[in-house]
Amino acid sequence: RTLNFNNWYGEEIKRAETRQSFASLYLCNSKPDSPFKNIPTDKRSIKIYLDNLYWKNPWSAGSHVSHLVFFIKMNNLFFPGYINKALIEYIFEYIEKNYRKSDGSWGNKTNNSLNIKINGAMKMLNAYDLFNIEAQKINELIDLTLFACHKHHACDHLNAVYVLHVCSKFSDYRKEDIIE
């Protein structure tokens, strides 16, 4: 196995734990002492970050995209002007251009299972939802998710419900099927 840029010295764990801390502080109407600085802050470093994610598993890549945009949002909320909003637009444009699949899912592997696609979509849509950004190919993702809904266990169902919830914010497509 090759070295994973995103888990160098436990970075995945540090980001996940720090995200929980930032979220808890936010919910308690408090803030950290300083911005979370261990994220890319310019287009070049963001491109490197995104390209080094493990896009064969969109759940993993989506998790790290979500962490990145979460920290950008929190840093701007807690420390206004820390990172400009053009970087958020760049992130989502880059993801849509390079990792969006025709069925509405994300990744760079053609034969991911349905549950991997839906679970990856849940992580990706969490990132989009942080900024109330509409992802492309929402109707295709709704079709994919409704097709996969009855195929797996409870965690997969919860992810499917979240995907349908976020998609429904932007589309009335198959609304009755989603409600059912």
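## Close-up views of a predicted model

**View 1. Surroundings of Leu125.** Leu125 touches Trp106, Ala135, Leu141, Tyr162, Val163, Val166 and Cys167, leaving aside residues up to four places away in sequence; contact here means heavy atoms within 4.5 Å. The model is predicted, so local features need pLDDT of at least 70 and side-chain atom pairs count only at pLDDT 80 or more, while totals for chains, interfaces and linings use all residues. Residues are numbered from 1 along each chain as its sequence is written, and side-chain values use heavy atoms, with hydrogens and water left out.

**View 2. The largest nonpolar core.** This core has 50 residues, and Leu50, Trp55, Ile91, Ile95, Trp106 and Leu125 are those with the most contacts inside it. A nonpolar core is a set of buried Ala, Val, Leu, Ile, Met, Phe, Trp, Tyr and Cys residues joined through side-chain atoms within 4.5 Å. Buried means under 20% relative accessible area, exposed over 50%, and partly exposed in between (1.4 Å probe, protein chains only). Two or more residues come from each of helices H2 (43–51), H3 (58–78), H4 (85–99), H5 (114–130), H6 (138–148) and H7. H3 gives the most to this core, with nine residues. Helices (H or I, at least four residues) and strands (E, at least two) are DSSP runs, numbered from the N terminus.

**View 3. Aromatic pairs.** The whole structure holds 11 aromatic pairs. Rings of Phe, Tyr and Trp (its six-membered ring) pair if their centres lie within 6.5 Å; planes under 30 degrees apart count as stacked, over 60 as edge-to-face and the rest as tilted. Phe92 and Tyr128 form a tilted pair, 4.4 Å centre to centre with 55 degrees between the planes. This pair links distant parts of the chain, with Phe92 in helix H4 and Tyr128 in helix H5, 36 residues apart. Both Phe92 and Tyr128 are buried. Tyr94 and Tyr99 form an edge-to-face pair, at 6.4 Å centre to centre and 65 degrees between the planes. Tyr94 is buried, with a relative accessible area of 11%, and Tyr99 counts as buried at 8% relative accessibility.

**View 4. Two asparagines with positive phi.** Asn29 is found in the loop between helix H1 (11–27) and H2, and its phi is near 55 degrees, a positive value in a residue other than glycine. Asn29 counts as exposed, at 76% relative accessibility. Asn132 lies in the loop between H5 and H6 and has a positive phi of about 50 degrees although it is not a glycine. Asn132 counts as exposed, at 53% relative accessibility.

**View 5. The largest pocket.** About 260 Å³ of space lies in this pocket. On a 1 Å grid over the protein atoms alone, a cavity is a set of points where a 1.4 Å probe fits but cannot get out, and a pocket is an open set with protein on both sides within 12 Å along at least five of seven lines; lining residues have an atom within 4 Å of a point. Grid points are joined across faces, edges and corners, and a volume is the space filled by probe spheres set on the points. The pocket is lined by 13 residues, with Leu146, Cys149, Asp177, Ile178 and Glu180 nearest its centre. Helices H7 (154–168) and H8 (175–179) are the elements that give two or more residues to the lining.
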